[in-house]
Amino acid sequence: MKKYVCSACGYIYDPEQGDPDSGIKPGTLFNEIPDDWVCPVCGAPKSMFVEEGCVYKEQGVRCK
């Protein structure tokens with residue numbers, strides 16, 4: 001399962017753990033999370049997350 005990183009604070013969403021405090025059960029893939037979900041650490045929107053190994057730049061997302 002792919003992990004996703006908040007480009008604002010570095011929080012890593014791990015689908016194996018989910019985000020139980022926000023009602024996201026373990027095993028929930030990132031693309032299955034509701035669009036209104038926000039980073040549990042800094043409150044950044046879901047759109048600010050990038051796949052682990054990628055970076056968010058002004059021109060868009062760049063992956064290795």
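User: In this predicted model, why is Lys 46 called buried?

Analyst: Lys 46 has a relative accessible area of 11%. Buried means under 20%, so Lys 46 counts as buried.

User: What makes the contact of Lys 46 with Asp 35 a salt bridge?

Analyst: The closest N and O atoms of Asp 35 and Lys 46 are 3.7 Å apart. The cut-off is within 4 Å, and the pair therefore qualifies as a salt bridge. Both residues lie in the loop between S2 and S3, so the pair ties together parts that are 11 residues apart in sequence.

User: Is Asp 35 buried or exposed, and why?

Analyst: Asp 35 has 70% relative accessibility. Exposed means over 50%, so Asp 35 is classed as exposed.

User: Why is Glu 51 called partly exposed?

Analyst: Its relative accessibility is 28%. Partly exposed lies between the limits of under 20% for buried and over 50% for exposed, so Glu 51 falls into that class.

User: What makes S2 and S3 edge strands?

Analyst: The open sheet has the order S2-S1-S3, with antiparallel pairing. Strands S2 (12–13) and S3 (49–51) each have a single partner strand, so one side of each is left without a neighbour in the sheet.

Notes: Residues numbered from 1 in each chain as written. Predicted model: local features only at pLDDT ≥ 70, side-chain atom pairs only at ≥ 80, totals over all residues. Heavy atoms only, no water. Pairing = 2+ DSSP bridges. Helix = DSSP H or I, 4+ residues; strand = E, 2+ residues; numbered from the N terminus. Buried < 20%, exposed > 50% of the residue type's maximum accessible area, 1.4 Å probe, protein only. Salt bridge = Lys/Arg side-chain N within 4 Å of Asp/Glu carboxyl O.
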